[in-house]
Amino acid sequence: MTKTKEHAVSRRAFVKGSALAGLGAATLGTGTLFACSPQAESAKDDAANTEAVEEQIVWTHCAVNCGSTCALQCHVADGEIKYIESDNTGSAEMDQPQLRACLRGRSLRRWLQSPDRLNYPMKRVGKRGEDKFEQISWDEAVDTIASELKRIRETYGDESITVHYSSGVSSGLMGSSVVNRLINLNGGCLNYYGTYSSAHISAAGTYTYGGGTYGSSFLTLQDNQLVVMFGNSPADTRMGGAGHTHDFAWMREEKNLEVINIDCRMNDTVCGQGGEWIPIRPGTDGALCAALAYEIINNGWADEEFLHTYCVGYDEETMPESAKGQNKSFKDYILGTGYDLTPKTPEWAASITLIPAAKIKELAEKIGTTKPVYICQGYGSQRHANGEITSRAIMVLPQLVGQIGLPGTSDGRREGRSAFALSSFPAGENPVKTNLPTFMWPEAIRRGEELTALNAGVQKAEKLSSSIKFIFNYAGNTLTNQHSDINGTHDLLQDESLCEFIVTSEVFMTDSAKYSDIIIPDLTLQEQYSLSANGYADNMEAIVYGSPVYEPKFERRGIYEVCTDIADKLGIKDEFTDGGKTREDWLRQILDESREKYPELPDWDTGMAQGVWKRTPEPLIGLKAFIDDPAGNPLKTPSGKIEIYSETLAGFADTWELADDEVVSPIPEFDPGFESYVSLTDEYPLLICGFHYKAHTHSSYANNEIIQAAAQHVAWVNPVDAEQRKIKDGDTIRVFNDRGEIRIEAKVTPRVIPGTVAIPQGMWHDADMSGDRVDHGGNINTLTIYRPSPLAKANPQHSNIGQIAKA
Ligand code: SF4
């Protein structure tokens, strides 16, 4: 049973403030981008010594896709946000956490009140991507969207329509689901599965554990225990008070944890925190895992009883009937009695991973002999050409040593999160069932009718019936900026004979928005009513009740109101609004439904006044129910067990159409994947690897100069590689490959492994696309490959080769 603890929060409606207070928390110092401390917040009081103005405090929340949802108290006067505080309720101790915002969220007023906001509907008057638009009326915008939707639907069918993958508005209940409701009521659209963030680990979780991306929460960690992380840095991503950084930092201190972080970069989760960084060549985590398995098995550290009770495919004894007697088990592969007759020794792995064999042996001994051990992975190690197989390889480690389902353990997936959630906005049922891997959308524009279950991972249909002709892009920057190979995608989208209509609802002229035929100016979530449950937090279950910070300005409109007008043109307004409901009506209804499940939730008026509600959950232990009673609580895999060997994947390997350099395997063997270290050439001798950075959440906040000044956008270059090219710290460099060239400042640092250049993803693309196409914004996606991975058909944006030179 879940133990809950309610925290008192106070109602504060109006305060006497100061014009000087408007300088805001973001200017109080940039020593950290982590959630600011209450002490830092109190500093603003010292500034409050001039002309008094009446301010209203309005609660709302940050809504971007970092994985957290942080509360914001906006001090509003004269229709402007003067400064922003965060959650300061509770004591901020581990059992009374705060939904404290990082500097990104605290800088939100610079976003909302930016002179660069989109203010009016616009139509394109140049070529796509040329950034030539002219203002139009809302009537013309709505008419055009509705008539194009109707025309394309009648010409090509509902499968030619998509609501594009997006994450600019990720928390809150009425974002892209509003668009989905409109499209679903109108006949439906092509479905997508998988995300740009986690499609590989999601597929790996499906074929290994029967589903799920998340394992145990950090709260289960025990005194003095070992934690091993692969490609994981919550300190760079989930930085808020309700995020994993807070929980992990707290537990590390309280429990005196031994932390080993395996990454190509010494990331901020390990840097300066007393843990150990094991540098690894990007994309080779699977080879490390194989060598660790070799040592664990050969030294007798494998938990054979666990493997024989809970797993399929560890050894011959646990192989399914279809694969018995063929030396296809995981143990055969590792010990060299499998198909390749290669023992996966530490020496074998050393030349691949660039980790010395002695270090691999040392790590194997720690994992094999320490109990409990908590093994997890972030999304960094899986966003590669071989991401799904790598993700499965990491999951095998805790299986080998029987460290799953117990306090202090996890199952090799991402650190756990609370499942607490509000009811959803009813997007309705999509009459179209065909489901395409998200990352495949450019192929579906180029040659949709050729995409099948066997060559493109199409689900719930044998093939697509149409190419994509209509895109509704709500708060998304994955048309170009966040998608791979920007130059190639530019050429694809410019061809109006392929995708015939693109509408974007946005708050800024993003690079993706420039490829739209119609742009409609959105209200931010903070300018509307909102309800948001906590994000990926494990130490908190919470809701932020958000009120509009001020009245809408210019001709900006919320997506629900716009879709209501489009629905009217399509003759489905009554169904769309369910008889005339407003946005507020829906949110009140959702809250009422949620209160039936969680009666302790404050009602609308109380919640809107107090801003946040929160409670503390019990620690989560991944797969505990299955481990406690495997027969009573089987997994959702075909066998009901953990599948180290997957018959489903064996079937895919036999039937799917794969290129010679693509591997789908029933066991998590090591495959380098395309565009890996084995692809390096004299022309392109470096791996170019992206990472998520604290200065922006994907591309959100990347146009905020204050935040970028605090954490600069620079390419991490090892001194060995810099020396060879006479590059000095601070130099502007060219980074280039066959797909394009960017300009970026070099940060020469031993915190990145030699042979790899690490570049934060998410900066805004800035190139003359009718000229040299050199990207002065330093967007890594000018360089990344657009080629879906073999199994998940997912994003390989960390797998690239290239070269650098002083500009
Ligand atoms: S970016 Fe994430 S951590 Fe920062 S304030 Fe927003 S939700 Fe919180």
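**View 1. The salt bridge between domain 2 and domain 4.** In this predicted model, the count between domain 2 and domain 4 is 1 salt bridge. A salt bridge joins the side chains of R773 and D491, with a distance of 2.9 Å from N to O. The interface of domain 2 and domain 4 also holds 17 residue pairs in polar contact, both residues of each pair being at pLDDT 80 or more. On the domain 2 side, at least two residues each are supplied by α14 (441-447), α15 (453-456) and α16 (486-494), and α16 gives the largest share of that side, with 4 residues. The residues of domain 2 that touch domain 4 comprise 11 nonpolar, 13 polar and 4 charged residues.

**View 2. The extent of the interface between domain 2 and domain 4.** According to the domain assignment, domain 2 is made of two segments, 138-197 and 427-520, while domain 4 covers 686-806. The C-alpha centres of domain 2 and domain 4 are 27 Å apart, and 28 residues of domain 2 are in contact with 27 residues of domain 4. About 2100 Å² is buried between these two domains, with carbon and sulfur atoms giving 49% of that area. Within domain 2, the residues that lose the most area to domain 4 are F439, Q482 and N487, which together account for 29% of what the domain 2 side buries.

**View 3. Strand β25 and its two partners.** Strand β25 (residues 740-748) pairs with strand β23 (residues 714-717) in the parallel sense over 4 bridges, and in this pairing V717 stands opposite V748 of β25. With strand β24 (residues 732-737), by contrast, β25 pairs in the antiparallel sense, over 6 bridges. The strands β24 and β25 form a hairpin that has 2 residues between them, and the bridge partner of N737 in β25 is G740.

View 4. In β25, V735 has I742 as its bridge partner, whereas in β27 the bridge partner of V735 is I804. Strand β27 (residues 801-806) runs antiparallel to β24, and 4 bridges join these two strands.

**View 5. The cis peptide bond at P372.** The peptide bond that joins K371 and P372 is cis, with omega at about -5°. P372 belongs to the loop between α12 (357-369) and β13 (373-377).

**View 6. The positive phi of N327.** N327, a residue other than glycine, has a positive phi, near 55°. The loop in which N327 lies is the one between β12 (311-312) and α10 (330-335). Most residues other than glycine have a negative phi.

Conventions: Residues are numbered from 1 along each chain as its sequence is written. This is a predicted model: local features need pLDDT of at least 70, side-chain atom pairs count only at pLDDT 80 or more; totals for chains, interfaces and linings use all residues. Side-chain values use heavy atoms; hydrogens and water are left out. Domain bounds come from an automatic or database domain assignment. Contact means heavy atoms within 4.5 Å. Buried area is the accessible area (1.4 Å probe) that two parts lose on being put together, summed over both. A salt bridge is a side-chain nitrogen of Lys or Arg within 4 Å of a carboxyl oxygen of Asp or Glu. A polar contact is a pair of N or O atoms within 3.5 Å; within protein, one must be able to donate a hydrogen and the other to accept it, and residues adjacent in sequence count only if both atoms are side-chain atoms. Ala, Val, Leu, Ile, Met, Phe, Trp, Tyr, Cys and Pro count as nonpolar, Asp, Glu, Lys and Arg as charged, and the others, Gly among them, as polar. Two strands pair if DSSP finds at least two bridges between them.
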